[in-house]
Amino acid sequence: MGQLAFFSAETEQPASDDLAGLLAAQGQALGSDSGTRVSIVVADTWRAEEIAREMRAAGLDATTTTSDEGSPLVRTDYSHDLDSLRRAWSAGAVKAMPAGWVPTPRALRLWVLAAGHGDADRYLLGLDPHAPESHGPLSTALMRVGIAPTLVGTRGPAPALRVAGHRRLVRLVEYVGAPPPGAGIGDWPDAV
């Protein structure tokens with residue numbers, strides 16, 4: 001029997017700050033007089049539905065729709081509850097990870113939902129190709145929770161952090177919890 005994880009997405013209360021996991025991926029935060037909206041385009045409908053469920057669990061209104069390109073899109077309504085998150089993840093008009101950010105288990109779960117996928121016996125966490133200056137700091141952020149990734153694909157359209165090795169994968173699985181309904185083989189981290 002494995003060791004009980006004291007910090008995991010399944011034991012934490014949802015919070016609006018957990019949406020930082022979407023910003024670690026390709027998510028965007030847009031501010032207006034009405035507050036901030038966090039949105040993300042994902043590859044699969046099940047991902048959008050699960051992200052919307054997580055947003056609602058954090059007390060935010062969320063909708064799913066389709067992007068102009070035909071991909072699933074999920075977004076919150078504008079809310080002032082998200083203003084501090086947007087400010088923390090912005091450097092002027094550019095998305096930037098806040099210095100010293102440590103992903104919570106729920107933020108890491110949202111990152112996996114948004115942009116995670118298997119790669120043979122490894123797992124990839126997708127990064128925003130439009131925010132390359134955040135890639136190195138996000139790698140460091142994962143190290144802060146005991147998951148040492150490798151940065152891959154930086155010269156192409158699909159940069160990612162690769163998590164390899166049994167212990168690192170076990171740690172990732174402990175953090176993000178069980179796969180949601182709809183996740184297929186390879187969609188969710190597995191430490192087998």
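This is a predicted model: local features need pLDDT of at least 70, side-chain atom pairs count only at pLDDT 80 or more; totals for chains, interfaces and linings use all residues.
Reader: Which residues of α6 are called buried, and what makes a residue count as buried or exposed?

Author: A residue is buried under 20% relative accessible area, exposed over 50% and partly exposed in between, with a 1.4 Å probe and protein chains only. In α6 (residues 166-176), the buried residues are Leu169, Leu172, Tyr175 and Val176. Seen down the axis of α6, these residues fall within an arc of 120°, so they line one face of the helix, the arc being that of the directions from the helix axis to the C-beta atoms. On the face turned away from this buried side, α6 carries the exposed residues His166 and Arg167. The buried residues of α6 are covered by elements that include α4, β8 (122-126) and β10 (160-163).

Reader: How do you know whether glutamate 54 is buried or exposed, and what does its side chain join in a polar contact?

Author: Glutamate 54, which lies in helix α2 (residues 45-57), has a relative accessible area of 5% and is therefore buried. Its side chain and that of arginine 106 are joined at 2.7 Å. That value meets the definition of a polar contact, which is a pair of N or O atoms within 3.5 Å; within protein, one must be able to donate a hydrogen and the other to accept it, and residues adjacent in sequence count only if both atoms are side-chain atoms. Leaving aside neighbours within four places in sequence, glutamate 54 is in contact with Arg106, Arg109, Leu110 and Leu113, where contact means heavy atoms within 4.5 Å.

Reader: What makes a set of residues a nonpolar core, and which residues have the most contacts inside the largest one?

Author: A nonpolar core is a set of buried Ala, Val, Leu, Ile, Met, Phe, Trp, Tyr and Cys residues joined through side-chain atoms within 4.5 Å. The largest such core has 47 residues, and those with the most contacts inside it are Ile51 and Trp111. The elements giving two or more residues to this core are α1 (20-24), β2 (35-41), α2, α4, β8, α5 (135-143), β10 and α6, and α4 gives the most, with eight residues. Beyond its neighbours within four places in sequence, tryptophan 111 has contacts that include Gly21, Ala24, Leu125, Leu138, Leu142 and Leu161.

Reader: How do you know what kind of aromatic pair the structure holds?

Author: The structure holds one aromatic pair. It is formed by tryptophan 89 and tryptophan 101, at 5.1 Å centre to centre and with 80° between the planes. Rings of Phe, Tyr and Trp (its six-membered ring) pair if their centres lie within 6.5 Å, and planes under 30 degrees apart count as stacked, over 60 as edge-to-face and the rest as tilted, so this pair is edge-to-face. Tryptophan 89 lies in the loop between α3 (83-88) and β5 (90-91) and tryptophan 101 in the loop between β6 (94-95) and α4 (105-115), twelve residues apart. Both tryptophan 89 and tryptophan 101 are buried.

Reader: What makes strand β4 mostly covered, and how many bridges join it to β3?

Author: Four of the five residues of β4 (residues 72-76) are buried. Five bridges join β3 to β4 and three join β2 to β4, antiparallel in each case. Isoleucine 40 has valine 74 in β4 as its bridge partner, while alanine 62 has threonine 76.

Note on methods
Residues are numbered from 1 along each chain as its sequence is written. Side-chain values use heavy atoms; hydrogens and water are left out. Two strands pair if DSSP finds at least two bridges between them.
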